[in-house]
Amino acid sequence: MTTVDYAEIGPAVGGIFPDFELPDANGSQLSLNGWRAGRRALVVFYRSARW
Amino acid sequence: MLREFAQTKGIAFPLLSDQGSRVITELGLLDRDLAAHHAAFNVPTGDPQWGVAYPAVFVLDEGGRIAQKRIQEHYRAREGAVQLLEDALGVGAASHGQTQTASTPRVRVSAFADSDSYVRWQNTRLHVVLDIDSGWHVYGRPVPTGYTPMTLVIEPQSGLQVGEPLYPPARPFKIERLEDQFFVYEGQVHVTIPIAINVLAGHGDVMVRITIRHQACNEVECMPPSEAELEIPLQETPAA
């Protein structure tokens, strides 16, 4: 098992979250910042809708 | 898959699909400890399960800056939605689970959960609220000898994980002729207890039993110590 500091995973607090574009449930491409349009947001990483 | 899931669950926010785990890999969120996590839960790691992200939640401000990062170690553990919205965005819950109540001398006791249903392994909360008659108080700790402090006891049961209760600040209180300082609660007291229900799928509904003990006093007299038991039913959220 690798040792991981969970606080250090992913982009750091205080930095700008990198924009990304991914397909939504209907298959249309959606970009984080395009959708946010200057609003606050929660970006939640979840393992799967299946299990 | 996602469309059906969103429709079944009534999800209005976008659900994105990171095929090939490209974005989570770029962000450094790909779970590299999956096999160890599976071992901790005694389940084998199957091929389709590789490529999942650490359970991470990022709170972004208006400018896209990361205001908070909330990461759980195990992929199963989750913060409940009600708590997440409240803690991360300061959005109060529009609703909570149904309230159970009991009357005790000078104090009405009620309890509810964040929701009437539970998601296995997801953190959620129980709330116990004491409404104390005006001019009366109940004791916190330390308690004067012979008095009963307010205590909450959740009956242990298999799979029920109970965290440290969060009490509101108590008011310092002096009793005439006694040197020591005591602490009392007055008015409305709201105690929050983090819980999680760590059970296998199909476990079914869960009944959480809370016993609340206290003793109400005013400046001149005390009620006898009293006890109320409240039962909070939580329904299992079926798998997607």
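Two residues are taken to be in contact if their C-beta atoms, placed from the backbone, lie within 7 Å. The structure described here is a predicted model. By this criterion, and with its neighbours within four places in sequence left aside, Val138(B) is in contact with Val107(B), Leu130(B), Ile132(B), Met150(B), Val184(B), Tyr185(B), His214(B), Gln215(B) and Ala216(B).

The largest nonpolar core comprises 29 residues. Within this core, the residues with the most contacts are Leu126(B), Leu130(B), Ile132(B), Val138(B), Tyr185(B), Ile210(B) and Ile232(B). At least two core residues are supplied by each of eight strands of chain B, namely E5 (107-113), E7 (122-132), E8 (137-139), E12 (181-185), E13 (188-197), E14 (206-214), E15 (216-217) and E16 (226-236). The largest share, five residues, comes from E13(B). Apart from this core lies another, of 16 residues, among them Phe45(A) as well as Ala56(B), Phe58(B) and Ile71(B).

Chain B as a whole contains four helices and 16 strands. Of its 240 residues, 27% count as buried. Among contacts in chain B with a separation of 6 or more, 60% are made between residues 24 or more positions apart.

Chain A has one helix and three strands, and its elements follow the order β-β-α-β from the N terminus. Buried residues account for 10% of the 51 residues in chain A. The mean pLDDT of chain A is 82, with 80% of its residues at 70 or more. Among the elements of chain A, confidence is highest in H1(A), with a mean of 92, and lowest in E3(A), with a mean of 88. Where pLDDT is low, the predicted coordinates should not be read in detail.

The two chains meet through 36 residues of chain A and 41 residues of chain B. On chain A, strand E1 (21-23), helix H1 (32-36) and strand E3 (41-44) each supply at least two residues of the side that touches chain B. E3(A) gives the most to this side, with four residues. By class, the side of chain A that touches chain B is made up of 22 nonpolar, eight polar and six charged residues.

E3(A) also takes part in a sheet with strands of chain B. This open sheet has three strands in the order E3(A)-E1(B)-E2(B), and the pairing is antiparallel. Strand E3 of chain A and strand E2 (66-71) of chain B stand at the edges with a single partner strand each, so one side of each is left without a neighbour in the sheet. From one strand to the next, the twist averages 15°. The pairing between the chains joins E3(A) to strand E1 (residues 56-60) of chain B in the antiparallel sense over four bridges. In this pairing, Ala41(A) stands opposite Leu60(B) in E1(B).

A further open sheet, in chain B, consists of four strands in the order E6-E16-E14-E9, with mixed pairing. Its edges are formed by strand E6 (117-118) and strand E9 (151-154) of chain B; each has a single partner strand, so one side of each is left without a neighbour in the sheet. E6(B) and E16(B) pair in the parallel sense over two bridges, and Tyr118(B) stands opposite Glu236(B) in E16(B). E14(B) and E16(B) are paired in the antiparallel sense over nine bridges, with His214(B) opposite Ser226(B) in E16(B). His214(B) is also one of the contacts of Val138(B). Strands E14 and E16 of chain B, which pair with each other, each supply at least two residues of the 29-residue core.

Key. Residues numbered from 1 in each chain as written. Chains lettered and ligands numbered in written order. Predicted model: local features only at pLDDT ≥ 70, side-chain atom pairs only at ≥ 80, totals over all residues. Buried ≥ 20, exposed ≤ 12 C-beta atoms within 10 Å, placed from the backbone. Nonpolar A, V, L, I, M, F, W, Y, C, P; charged D, E, K, R; others polar. Pairing = 2+ DSSP bridges. Core = buried A, V, L, I, M, F, W, Y, C linked by C-beta atoms within 7 Å. pLDDT = per-residue confidence, 0-100. Axes fitted to C-alpha atoms, helices over the stretch in contact; angles between N-to-C directions.
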